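How do the two parts of a chain meet, and what does each bring to the contact? The paragraphs below go through that question step by step.

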Amino acid sequence: MSSSTDTLWINARLATFDAANLAPYGALDGHALWLRDGRIHAVLPQTQALAAFAGSGEVRDAKGAWITPGFIDCHTHLVYGGNRAAEWEKRLTGVPYQQIAAEGGGIISTVRATRGLDEDELALTSLPRLKALMKEGVTTIEMKSGYGLTLADELKQLRAARRLEAALPVEVATTLLSAHALPPEFAGDADGYIRHVCEVIIPAAAQEGLAEAVDVFCEGVGFSPAQTRQVFEAAQAHGLKVKGHVEQLSNLHGAALVAEFGGLSADHIEYLDDAGVDALAEAGTVAVLLPGAYYFLRETQKPPVDKLRAAKVPMAVSTDLNPGTSPFASIRLAMNQACVLFGLTPEEALLGTTRHAAQALGRGATHGQLAAGYVADLLLWDIDHPAEIVYGLGTNPLTRRVFRGVVQHEG
Ligand code: DI6
Ligand code: FE
């Protein structure tokens, strides 16, 4: 069946996450989804839909399944070489991170492994991670650079991400995270590296259309607020959006900086203070919660979820998939962790991987909701209640994944 044929999904229970639908989960019973050209053409009462649709294409029976929008994993470092299991083994016996880093471990060991692979090899080694996420229903995913840290290696990472997108039914949003760590070539000269990022790497990535946004690790062990500002200014000068790894391990007021630049999202934010919450609320910047890293690092400082909720800051939830602090290719685990560790409701967790995650990628008008005009990325679930998607792990109740109107797998 070609994607240009109309499809009508009937006998489904819709969890629309439509902002205009105030029911829990945006639930809608007795309605059909009319798909055309990879988009949702209409959401109509089923009897009305069947009468209007007659002869327009294929009618598909969901047999009582729940349908949600496709999941959006809005913060990942999916493209990398190697892994850090041996380092983790050491950390578990109490070897401090500083010692691990001094012995050549940490981010720099992943940089070494990533530099050692060519674009093909990098895509190939990252493929199983992407497939695992897609199997759980991810249809749009962000992928960052940040393990190359040279012009050639950063662009190679972004090209590998694009290659994955070309190979599979998934949409990839690429982000340049060259300001992730100081590469050994610039040891002792963080300002010099930031100049290189601003004057060489950002312009090249923008010119080649390889990144839509720029991210910075704004942290004591990363880059200072002043350096982050420089990177954001360069990003905006080249027409790229900004976002930040901020307030993960300490409070450098990075979230307010992201907000000042009208950024898409402030990510991690365990140490976000009240002024930071207000800044995000005012700017309409999304708060991205990454409970996988919190869990894996055995952190104790939780993000201010109650305050974010009260200030109506949209909260997204993502895997942060990376080899050092969140080696989990599971969006359902991230949602479960967001509930158990951070106190989100299952509905908030699902909003965090649909409507709010779409907003975090600047796709709020086209992705993450079951509503007319939105992309026809749908998930069919063999469940009685949407909370089941978040509740248990190990089994997979996803029976069908639809990307741009086309069924990708029948469970
Ligand atoms: N914050 C993190 O938790 C990861 N990057 C970042 O900016 C760490 C990535 C790594 O250890 O490889
Ligand atoms: Fe991250």
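Between domain 1 and domain 2 there are 12 residue pairs in polar contact, both residues at pLDDT 80 or more. A polar contact is a pair of N or O atoms within 3.5 Å; within protein, one must be able to donate a hydrogen and the other to accept it, and residues adjacent in sequence count only if both atoms are side-chain atoms. On the side of domain 1 that touches domain 2, β7 (66–69), β16 (378–381), α16 (388–391) and β17 (398–403) each supply at least two residues.

This is a predicted model, in which local features need pLDDT of at least 70, side-chain atom pairs count only at pLDDT 80 or more, and totals for chains, interfaces and linings use all residues. Residues are numbered from 1 along each chain as its sequence is written, and side-chain values use heavy atoms, with hydrogens and water left out.

Domain 1 covers 6–69 + 369–410 and domain 2 covers 71–360, with bounds from an automatic or database domain assignment. Their contact (heavy atoms within 4.5 Å) takes 29 residues from domain 1 and 23 residues from domain 2.

The count of salt bridges between the domains is 1. A salt bridge joins the side chains of Glu171 and Arg404 at 2.6 Å, N to O; the term requires a side-chain nitrogen of Lys or Arg within 4 Å of a carboxyl oxygen of Asp or Glu.

The area buried between domain 1 and domain 2 is about 2000 Å², and carbon and sulfur atoms give 61% of this. Buried area is the accessible area (1.4 Å probe) that two parts lose on being put together, summed over both. In domain 1, Phe17, Val390 and Arg401 lose the most area to domain 2, together 31% of what that side buries.

Definitions and conventions
Chains lettered and ligands numbered in written order. Helix = DSSP H or I, 4+ residues; strand = E, 2+ residues; numbered from the N terminus.
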